[in-house]
Amino acid sequence: MRKACLIIAVLSVAFFAKAQESKKGIEKVIGEQKLPDVTLADVDGKKINISDLGKSGKVTVFSFWATWCIPCKKELTNMADLYEEWQKKYNVQIVAVSIDDSRSAGKVKPYIESQKWTYQVLLDANQDLKRAFNIQSVPFTVIADASGKVVATHSGYVEGDEFVVEEELQKLVKK
C-alpha cells in the first residue's frame, strides 16, 4: 500500500512538472527569422504565400494542428473564444495550419465548419511550412510581429496556454 501511494505521488509530481513546463511560456526567437517564402492552400484551394502574411501589418499567430490531435483542437477552440477580442486589442490574425496528410486532409474543412472557427485555415499536407519552422510535433505556435519577423514560439498545450500567447501579444503591442 505504501509503495502504491509513493508511485502515485511520484507520478503526480511528474505530471504537474510537465504541465508547468508547458506553462513556462513562450520561447523567444533570437535573430532575424522572417516568415518563409512557402505557399500553402487554404481549405477552399486558394493559394497563400506565408511571407505575404507578414506584410499585412498585423501580428500573426500560427497554430500548427491536426484533426487527430486533441490538445491542438482544444487550443484552437479556446483561441476562437478569444479571437474577436484579440483582433481589437492586438491587431492579430490567427492562422491555423493543418499538418494532416493527403489521406486525412479531407476531414479538415468539415471539422472547422462544425467548430465555426473564423480564422484562416491552411493545409500543409506536405509539411513544407512545418519543416521551414523546424517543428517536431503539434500543437506548436509561432508568433510573428507586424513586420513578419518571427519573435516567439510555443510547443505543446495545456489548458490556459492561450493566455501565455496573449501575454506575448500584449508585449508586442507595447513596443
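Figure 1. Leaving out residues up to four places away in sequence, Asp145 touches Lys58, Val59, Val151 and Leu172. The C-alpha atoms of Asp145 and Leu169 are separated by 8.9 Å, and the two residues are 24 apart along the chain.

Figure 2. Strand E7, which spans residues 140–144, is mostly covered, with 5 of its 5 residues buried. Phe140, Val142 and Ala144 point one way from the strand, whereas Thr141 and Ile143 point the other way, and all of these residues are buried. Strand E4 (residues 59–65) is joined to E7 by 5 bridges, and these two strands run antiparallel; within this pair, Phe62 stands opposite Val142. On the pairing with strand E8 (residues 150–155), 5 bridges are likewise found and the strands run antiparallel, with Val142 opposite Thr153 of E8. The hairpin of E7 and E8 has 5 residues between the strands, and in it Gly148 takes a positive phi near 90 degrees.

**Figure 3. Packing of helix H6 against helix H3.** Helix H6 comprises 14 residues, 161–174, and reaches 20 Å from its first C-alpha to its last, which is close to the 20 Å expected at 1.5 Å a residue. The buried residues of H6 are Asp161, Glu162, Val164, Val165, Glu166, Glu168, Leu169 and Leu172. The axes of H6 and helix H3 (residues 70–90) come within 11 Å and cross at roughly 10 degrees, and the two helices are therefore roughly parallel to each other. In this packing, Asn78, Met79, Leu82, Glu85, Trp86, Lys89 and Tyr90 of H3 meet Glu162, Phe163, Val165, Glu166, Leu169, Gln170 and Val173 of H6.

**Figure 4. Ser98 and its contacts.** Ser98 is found in strand E5, which covers residues 92–98. With a relative accessible area of 1%, Ser98 is buried. Apart from residues up to four places away in sequence, Ser98 touches Trp65, Val108, Leu122, Leu123, Asp124 and Ala125.

Figure 5. A cis peptide bond, with omega at about 0 degrees, joins Val138 and Pro139, and Pro139 has its place in the loop between helix H5 (128–132) and E7. Asn91, a residue other than glycine, has a positive phi near 50 degrees; Asn91 is found in the loop between H3 and E5 and counts as partly exposed at 36% relative accessibility. Gln127 also has a positive phi, of about 60 degrees, although it is not a glycine. The location of Gln127 is the loop between strand E6 (120–123) and H5, where Gln127 is partly exposed with a relative accessible area of 24%.

**Figure 6. The whole chain and the confidence of the prediction.** The chain has 6 helices and 8 strands, whose order from the N terminus on is α-β-β-β-α-β-α-β-α-β-α-β-β-α. Of its 175 residues, 49% count as buried. Among contacts between residues at least 6 apart in sequence, 73% join residues at least 24 apart. The average pLDDT of the chain is 87, and 83% of the residues score at least 70. Over residues 8–23, however, pLDDT stays under 50, and for this stretch the model has 12 contacts beyond four places in sequence. Where pLDDT is low, the predicted coordinates should not be read in detail.

Notes: Residues are numbered from 1 along each chain as its sequence is written. This is a predicted model: local features need pLDDT of at least 70, side-chain atom pairs count only at pLDDT 80 or more; totals for chains, interfaces and linings use all residues. Side-chain values use heavy atoms; hydrogens and water are left out. Buried means under 20% relative accessible area, exposed over 50%, partly exposed in between (1.4 Å probe, protein chains only). Helices (H or I, at least four residues) and strands (E, at least two) are DSSP runs, numbered from the N terminus. Two strands pair if DSSP finds at least two bridges between them. pLDDT is the predictor's confidence in each residue, from 0 to 100. Contact means heavy atoms within 4.5 Å. The expected span of a helix is 1.5 Å times one less than its number of residues. Axes are lines fitted to C-alpha atoms, for helices over the stretch in contact, and angles run from 0 to 180 degrees between N-to-C directions. Angles under 35 degrees count as roughly parallel, over 145 as roughly antiparallel, 65 to 115 as roughly perpendicular and the rest as oblique.
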